[in-house]
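Here is a set of questions and answers for someone meeting this structure for the first time. Each answer works towards the value or name that was asked for.

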Amino acid sequence: MKKTVSFMLAAVMTATILTGCGGSGSGNSQTAQGSQASQGGQEASKETQASGGGSTEGGDITFTFSKVSYPSVTLPDGQTSGDNVVLDYIRDKYHVNMVLDWQAEASEYNNKLSLNIASGSLPDIFYCDNYRTFLQLAQNGLLADLTDIYDANISDTIKAIDKSYNGRNFEPVTVDGRIMAIPAGNLDGQQNILWLRKDWLDNLGLKVPETLEELEAVLTAFVNDDPDGNGVDDTIGLVVSATEPVKGYNHQYGLEPIFYAFNAYPTYWM
């Protein structure tokens, strides 16, 4: 039986519910069937019941989900991963009850997900960052076709984010011209800011660089031309992490922006 799965992308920012993937199956496959969800939840309730996914209770739609857990992240007293203000917001505003089925740390998440796939006990909604797994599901016809549902329900905020990617974010999750999964997009943390010492620029008579070539010239001058004027060869042009010059999301002291300027995105599934 195919399940309906609804996926909230950036719940606090979106204006409607999106549809994702989930289901039951065996081996390395899962089944999924998409349905449209309205803000009031009534249209979605009927379609969800018809397709065999999720459940309804008191007019609300209930979906189970899994997530990656981060031990270093703490929540306010009285809140947990399965009971918090974000899930309350989704339930109160969209009439969707999100029930945490399981969570695992990043190092163990994919292993647990594989076990769920093999046993046919997947939650309705889950995060997948393994492209091979996604392709296996899609190529076996086991994922919901989300094309029409996504276009009909996406909020203006997410539309603007999608537009900024010029369609590139959907290329990996599009199979035979149809959207088979919802790609993640960052609402924060994607901008790394370069800080330069203005007093050093002024001392060397340099302007704020606007291109990579100008930046290279400034950093070279910072190293070689004694910008602090102490007569000692002790200045550093750019502070970079010695052990992790490239790490990925929300990384400090990394060289990611240099790669991005050349349309290269290390550590990211594009």
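Q: How many helices and strands does the secondary structure of the protein come to?
A: The model is a predicted one, and its 270 residues include 34% that count as buried. The secondary structure, counted over the protein, comes to 9 helices and 7 strands.

Q: Over which residues does pLDDT stay under 50?
A: For the protein, the mean pLDDT is 77, and 74% of the residues reach 70 or more. There is a stretch where pLDDT stays under 50, although the model still has 173 contacts beyond four places in sequence for it, and that stretch is residues 1–52.

Q: Among contacts between residues at least 6 apart in sequence, what percentage join residues at least 24 apart?
A: The contacts considered here are those in the protein between residues at least 6 apart in sequence. Of these, the share that joins residues at least 24 apart is 58%.

Q: How far does helix α3 reach from its first C-alpha to its last?
A: Helix α3 covers residues 106–119, which gives it 14 residues. At 1.5 Å a residue the expected reach is 20 Å, and the model comes close to this with 21 Å.

Q: Within what arc do the buried residues of α3 fall, seen down the axis of the helix?
A: The buried residues of α3 are Tyr109, Leu113, Asn116 and Ile117. They line one face of the helix, because, seen down the axis of α3, they fall within an arc of 95°.

Q: Which exposed residues does the face of α3 turned away from its buried side carry?
A: The buried residues of α3 have cover that includes the strands β4 (60–69) and β5 (96–105) as well as the helix α4 (131–139). On the face turned away from that buried side, α3 carries the exposed residues Ser107 and Leu115.

Q: Which residues of helix α6 are buried?
A: Helix α6 runs over residues 156–164, and what covers its buried residues includes α5 (147–153). The face turned away from the buried side carries the exposed residues Asp156, Lys163 and Ser164. The buried residues themselves are Ile158, Ile161 and Asp162.

Q: Which residue takes a positive phi just after α6?
A: Just after α3, a positive phi of about 70° belongs to glycine 120. Just after α6, the positive phi is about 55°, and the residue that takes it is asparagine 166.

Q: How far apart are the closest N and O atoms in the salt bridge of aspartate 92 with arginine 91?
A: A search of the whole structure finds 8 salt bridges, one of which joins aspartate 92 and arginine 91. Aspartate 92 is exposed, with a relative accessible area of 55%, whereas arginine 91 counts as partly exposed at 28%. The closest N and O atoms of this pair are apart by 3.6 Å.

Q: Which residues do salt bridges that share partners join into one network?
A: The side chains of lysine 247 and glutamate 244 meet in a salt bridge at 3.7 Å, N to O. Elsewhere, salt bridges that share partners make one network, and the residues joined there are Asp88, Arg91 and Asp92.

Definitions and conventions. Residues are numbered from 1 along each chain as its sequence is written. This is a predicted model: local features need pLDDT of at least 70, side-chain atom pairs count only at pLDDT 80 or more; totals for chains, interfaces and linings use all residues. Side-chain values use heavy atoms; hydrogens and water are left out. Helices (H or I, at least four residues) and strands (E, at least two) are DSSP runs, numbered from the N terminus. The expected span of a helix is 1.5 Å times one less than its number of residues. Buried means under 20% relative accessible area, exposed over 50%, partly exposed in between (1.4 Å probe, protein chains only). The arc is that of the directions from the helix axis to the C-beta atoms. Contact means heavy atoms within 4.5 Å. A salt bridge is a side-chain nitrogen of Lys or Arg within 4 Å of a carboxyl oxygen of Asp or Glu. pLDDT is the predictor's confidence in each residue, from 0 to 100.
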